[in-house]
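Here are my notes on this model, for your comments. Please read them alongside the coordinates.

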Amino acid sequence: MTRNDTRVVRIGDRVIGGGNPVLIQSMCNTKTEDVAATVAQILKLEESGCEIIRVAVPTMEAAEALKQIKKEIHIPLVADIHFDYRLAVAAIENGADKIRINPGNIGSRERVKAVVDAAKARRIPIRVGVNSGSLEKDLIAKYGGVTAQGIVESALDKVKMIEDMDYDHLVISIKSSDVMMCVKAHEEIAKKTDYPLHVGITESGTLMSGNIKSAVGLGIILYQGIGDTIRVSLTGDPVEEIKSARRILKTLGLRKGGVEVVSCPTCGRTRIDLIGLANRVETMVTGLEGLDGVKVAVMGCVVNGPGEAKEADIGIAGGIGEGLLIKKGEIVRKVPEEQLLNVLKEELTAMAVERKK
Ligand code: SF4
């Protein structure tokens, strides 16, 4: 896949754009003022693979909390500001690695300029964020409703405003909960600007609906080489956002690494709790290192399982009270059902040791 050649922008110690890897972001749902809870959540997200974290800054206390939060985490910290330019300035002064604003709701040009000047002084990027829900009335009238063109024009107007203030350390995000409108808007804006794009489907919903909308939307957008950072927005634990984002990137071949688990859909031949087993295997492999690119198959029956698991490096197939350990489609041995998970783990651990040699 050819990635769009966007400008390189530094966020803390990470670099996006210019063909650098697409980074995974999430946003805390703790109160930012509660430093301990926010740090705990960020550390958990880091462990899951989060690479940039955003926090809401609705109060001066939250802006001041950034200083301590930053000391205790290891990934770039982005401050999300709505309306009050003083909070943006305070967030920057307290060490935010990037701020996210919609200049449209910050108010007068002078106020936006105060934020831009503060960002300029510390050379931190500004993410110019525009959502379909907050599109200006004149653009809604011009395009006969909320449209992809309107969203793009709104974002580029704001970018121009900041460029006119002599600052171009920018990232753009345009969001819509309408997946295909979001896709169209990204296709349009990618033709018109080379600023890095943060891509996400906003208000995409609960786990199931959010995952599907994000996979479809982000999939189409990223497949065209568009996008430098992503967020899967879910109404739920942000750790789930990271897991989904990783899967989306891996599926598209934009990320390598880790163990891939494939499992059969189960059918009338299944005589084992395969759904439970597949979930346990998936959790088990996330803790294993040194097995990048290894494929593990979890199959529901001993009749078709070994054949269907041929493309996997290693696999297990369930029978009645016992299962099979399979390597490259060949049956290695029979294993009592309750030991399948452990045996698989031992084999994978041995494989990791072997790979290290
Ligand atoms: Fe059914 Fe066996 Fe195929 Fe799973 S591997 S879908 S249980 S035939």
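1. Gly-200 lies in strand 9, residues 197-201. Strands here are DSSP runs of E, at least two residues, and helices are runs of H or I, at least four residues, both numbered from the N terminus. The model is predicted: local features need pLDDT of at least 70, side-chain atom pairs count only at pLDDT 80 or more, and totals for chains, interfaces and linings use all residues. Residues are numbered from 1 along each chain as its sequence is written, and side-chain values use heavy atoms, with hydrogens and water left out.

2. Is Gly-200 buried or exposed? Gly-200 counts as buried because its relative accessibility is 0% (buried: under 20% relative accessible area; exposed: over 50%; partly exposed in between; 1.4 Å probe, protein chains only).

3. Leaving aside residues up to four places away in sequence, Gly-200 touches Ile-174, Lys-175, Cys-182, Leu-218 and Arg-231 (contact: heavy atoms within 4.5 Å). Thr-229 is 29 residues from Gly-200 along the chain, with 8.7 Å between their C-alpha atoms.

4. A barrel is closed by 8 strands, ordered 3-4-5-6-7-8-9-10, with parallel pairing (pairing: at least two DSSP bridges between two strands). From one strand to the next, the twist averages 25° (axes: lines fitted to C-alpha atoms, for helices over the stretch in contact; angles: 0 to 180 degrees between N-to-C directions). Helix 10 (residues 238-251) packs on the sheet and touches strands 3 and 10. Its direction makes about 160° with that of strand 3.

5. Strand 3 (residues 23-27) pairs with strand 4 (residues 52-56) over 3 bridges, in the parallel sense. Ser-26 stands opposite Ile-53 of strand 4.
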